[in-house]
Amino acid sequence: MYSIQAMRIHRFASRRIVALSARIVLLALATVTVCCAQEERKAIQNPTPAYPAFARQLNLSGTVKIKVVVSPDGQVKHVDVIGGHPLLVNAAVDAVKQWKYAPAKTETPIELEFHFHP
């Protein structure tokens, strides 16, 4: 049989485990909410990238992937190129810098993909 001291220690440890589990669940729910909020950020103004004339002459097609950071006021704050042909990347980056998003409480990272076809 357990002594009274051992039962108190066991009960205290059980309570700490339950409290820690509750914190982990709340943190997971908060993380899911932030992820979903990032995906729901709407572009208010999003001009389409112009297909470069030189790329058209070369009959060049491809995909450009860009990661942008949007400030809380909706302005594109930072642009990182993930991949794509250099002739097409410049057109996509120039267009994205002009995009405007709906205001939000925090900065939002967004990945964009552009498909260029002649």
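Predicted model: local features only at pLDDT ≥ 70, side-chain atom pairs only at ≥ 80, totals over all residues.
Lys65 is partly exposed, with a relative accessible area of 39%.

What does the side chain of Lys65 meet in a salt bridge? The partner is Glu113, with N and O 3.8 Å apart. Glu113 is also partly exposed, at 44%. Lys65 belongs to strand E2 and Glu113 to strand E5, and 48 residues separate the two, so this pair links distant parts of the chain.

How many salt bridges does a search of the whole structure find? Two. The other one I will describe joins Glu107 and Lys77, with the closest N and O atoms 2.3 Å apart. Glu107 sits in the loop between E4 and E5, while Lys77 is in E3, so parts 30 residues apart in sequence are tied together. Lys77 is exposed at 55%, and Glu107 is partly exposed at 37%.

Both of these residues also touch Ser71. Ser71 is in the loop between E2 and E3. Is Ser71 buried or exposed? Its relative accessibility is 12%, so it counts as buried.

Three strands form an open sheet, ordered E3-E2-E5, with antiparallel pairing. E3 and E5 are the edge strands, each pairing on one side only. From one strand to the next, the twist averages 25 degrees. Helix H3 packs on this sheet and touches E2, E3 and E5, and its direction makes about 30 degrees with that of E2. Between E2 and E3 there are six bridges, and in that region Lys67 of the chain stands opposite Asp80 in E3.

Last, the core. In soluble globular proteins, nonpolar side chains tend to be buried together. Here the largest nonpolar core has 21 residues. Ile66, Val68, Val96, Leu112, Phe114 and Phe116 have the most contacts inside it. Strands E2, E3 and E5 and helix H3 each supply at least two residues of this core. Which element gives the most to this core? H3 does, with six residues.

Take Val68 as an example. Not counting residues up to four places away in sequence, Val68 touches several others, among them Val76, Val79, Val96, Ile110 and Leu112. His78, Thr108 and Pro109 are also touched by Val68.

How values were computed. Residues numbered from 1 in each chain as written. Heavy atoms only, no water. Core = buried A, V, L, I, M, F, W, Y, C linked by side-chain atoms within 4.5 Å. Buried < 20%, exposed > 50% of the residue type's maximum accessible area, 1.4 Å probe, protein only. Helix = DSSP H or I, 4+ residues; strand = E, 2+ residues; numbered from the N terminus. Contact = heavy atoms within 4.5 Å. Pairing = 2+ DSSP bridges. Axes fitted to C-alpha atoms, helices over the stretch in contact; angles between N-to-C directions. Salt bridge = Lys/Arg side-chain N within 4 Å of Asp/Glu carboxyl O.
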